[in-house]
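I opened my notebook to look at how two chains meet.

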Amino acid sequence: MNTIQNLAQAYAQTPWRKQVQIIGLVLLCVLFTVLIASIYLNVSARAATYGREILLMQEEIQRLQLENADLKTRLGILLSSKEMETRALEMGFEPVEKGESVYVVVPGYVARQPVILASAPPAENAVVVTLPPRFTESLVDWFKERLMLPDRPAEVIQ
Amino acid sequence: MTQERYWRYTLLGMLFTVLATLIVGQMLRFQFDTEQAEKIKRRAEDYQHSMHTIYPARGQIFDRWGHLLAGNTTVYEVGVELQNVNNPHTIALTLNVVLGLDYTKVRTAVEQPASADAVYVVLDDFVSQEKIDVLEQYKDEIKKGYGSGKGKESPDLSGLVYVPHLRRTYPEKDLASNVLGFLGRDQEGNLKGYYGVEAKYDDQLAGLPVTVWLPTDPNLVSEMPNVPDGTSLILTIDREIQAAMESLLDSTLESSGAESGTIVVLDPKTGEILAMATTPRLDLNKYWRYDEVFKKDTPFNRAISQAYEPGSVYKVLSMASALDKGAVKPDTTFLDTGIIEVGGVQIYNWNRGVWGPQDMQGCLQHSLNVCLSWVATQLGAKDFYAYMQAFSIGHQTGVDMAGETPGRLKVPGDTDWYEADLATNSFGQGVSATPIQMAAAIAAVANEGKMMVPHVVKARIVNGVQYNTEPRIAGMPITAETAHTLQELLSRSLEKEASTSLVDGYRIAGKTGTAEIPTPFGYTSGQTNASFVGWGPLDDTRFLVYIWLEKPQSSIWGSEVAAPVFSKAASRLVVFLNIPPDKERRVLYGQ
């Protein structure tokens, strides 16, 4: 019995060593917690900053849209019929009367066409380019399909 | 461990245990009390998000060459955030000086204490950027002069805010105002298009507002949806032609003393309306003056909303029907005795004269009511009214503007139709039609018998893609051959009588019209509606002009007041549309 006690005593750690180990463990936990907290805080702070920036940018987009609409209309006012007529008369222009125009044939001349302010709609029979599934499906999709349709003929690769 | 410490730790332990138990208990309670849980969940969500409605910018309106006719400008709503107000006197005084608002009213509004029900007060709206710049300048100067010193005594504009939004603006003011209509507010304060294309295409121009829940927590920021602008419209209207026609109409009204007037210019081949000038016109940027401008029952756009008895211009349709059916031929002779009785009613010519033997050209040239009444009887009531309906008389033309009226065409079977109506209708009495109906119907004669649907929208721009409007055929009331024959008759008629409507260098066709204005006691007013319809050049028709002058004073006759207006209008149109004179055109085309 004594022998066992002696052996246990011989291999037992000293109290100070145990204390150091516990303190070390606690510190490790604290350190880990601090690390996680700082990462979390850092990510949160960055997310908040970016979120704020996005909000500011959205506000800026709205402001620019308003300004854009405003400028277009101001341009419209400056180029309005009465304004242009007044300016033309001030510059010495006169309205052309019937019989004053001289008409000549200009090869290749295309008469003034009504305005096109936006792109034309896409043709109804436009060719839609689609990638074969082998370029887009995931391995899991491919595997699933193989399992569900084992008899599917092998895809012909051109 | 001392006894005292032991108790302290035990007490703390118990406290934490109780707290933890309470929290766990509450959590468990929520699992069973779902109503309460839902309520709390909803409240939490309410705090996390706020609802925003994003209104798209209203679509713009352009003329056929891309000139802006209706756009949007940024204006500001000026208000105060009550909890941030430091000095109501400064705010009231500043707004009184800059915006001209009533000092007492503003001060009373600003001085009310902030509460859950009163957070923000609107003081003014539609304030221009220039005024806002002045307010900003005041703010800066006050800040520089007095810093951010708190207290009721020091001047301070804190709490004053400006919220930008778009306002409909019409750069051309009253140009084409009767075609465009305007954007106003309904009784509930919602924006709404009134009259013209603004009303007809209101839903498309307004676009679709999107309501979104946006997170208040910046960590949960979500993407603001991209709300596309409303549909923009490109009209068939040519701004320069419109301006020229309005100017011509105004000067005509002044010289003739007519009460009102209308000029419609359209392309008979496509039905595109190039100009629609009428009176009165409204500066659309001041639409609140509507009642001042359009007194009593004055329609917003006479060209589509006011039906009238057109008089002799209607003979074009009567003769077209008779020729098409074969009831008469151009060389059919009619002996004009100056009177004809139809359905017990005696019909006379405009001058009560006797014109002797006349062929159909003579009947049109001298605008003989007796002859046309006879022609209508030769055609028969059934066919006459079938043709009139084919010409869309009594029906809306389908023009794409709000407020079109169908006019009135009495037909056999109606309780108020009498046999005599066949005769009077043949020369445009007892039937009412709008200028656009008359123009669209007669355009069939100018377009080889094909009647096109008149329209003002040439293209729509939806999400950055332009969809052009294809011309639509309303019908083919007469054959191309009939149209050619009648056109020739009308052209020769004008040339023979040396009409004041003629345009030097260009061959045109047309017809005058003078209609007495009926009263409840018959045609006793002595006042007339003077009209003229004309088109040209005949070998390649590019325009049709319909003119209506209401109650002209200088002369009651269409041939004297309306025909010269056509000549002036056509003289401007050949310049705007780059149409060389007939001779030059033949040489140029020959090359």
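How many residues of chain B are in contact with chain A? I counted 39 residues of chain B, and they are in contact with 34 residues of chain A. I keep in mind that this is a predicted model.

Next I looked up which elements of chain B supply the side that touches chain A. Strand 3 of chain B gives the largest share, five residues. I then sorted the residues on this side of chain B by type: 20 are nonpolar, 13 polar and six charged.

Now the sheet. I found an open sheet of five strands in chain B, in the order 11-10-22-21-20. The pairing is antiparallel. Which strands are at the edges? They are strand 11 (272-278) and strand 20 (509-516) of chain B, and each pairs on one side only. On average, neighbouring strands of this sheet are turned by 10° against each other, direction ignored.

I took a look at one pair. Strand 10 (residues 260-267) and strand 22 (residues 543-550) of chain B are joined by seven bridges, in the antiparallel sense.

Helix 17 (residues 435-446) of chain B does, touching strand 10, strand 21 (528-536) and strand 22 of chain B. The direction of helix 17 makes about 145° with that of strand 22 of chain B.

Notes. Residues numbered from 1 in each chain as written. Chains lettered and ligands numbered in written order. Predicted model: local features only at pLDDT ≥ 70, side-chain atom pairs only at ≥ 80, totals over all residues. Contact = placed C-beta atoms within 7 Å. Helix = DSSP H or I, 4+ residues; strand = E, 2+ residues; numbered from the N terminus. Nonpolar A, V, L, I, M, F, W, Y, C, P; charged D, E, K, R; others polar. Pairing = 2+ DSSP bridges. Axes fitted to C-alpha atoms, helices over the stretch in contact; angles between N-to-C directions.
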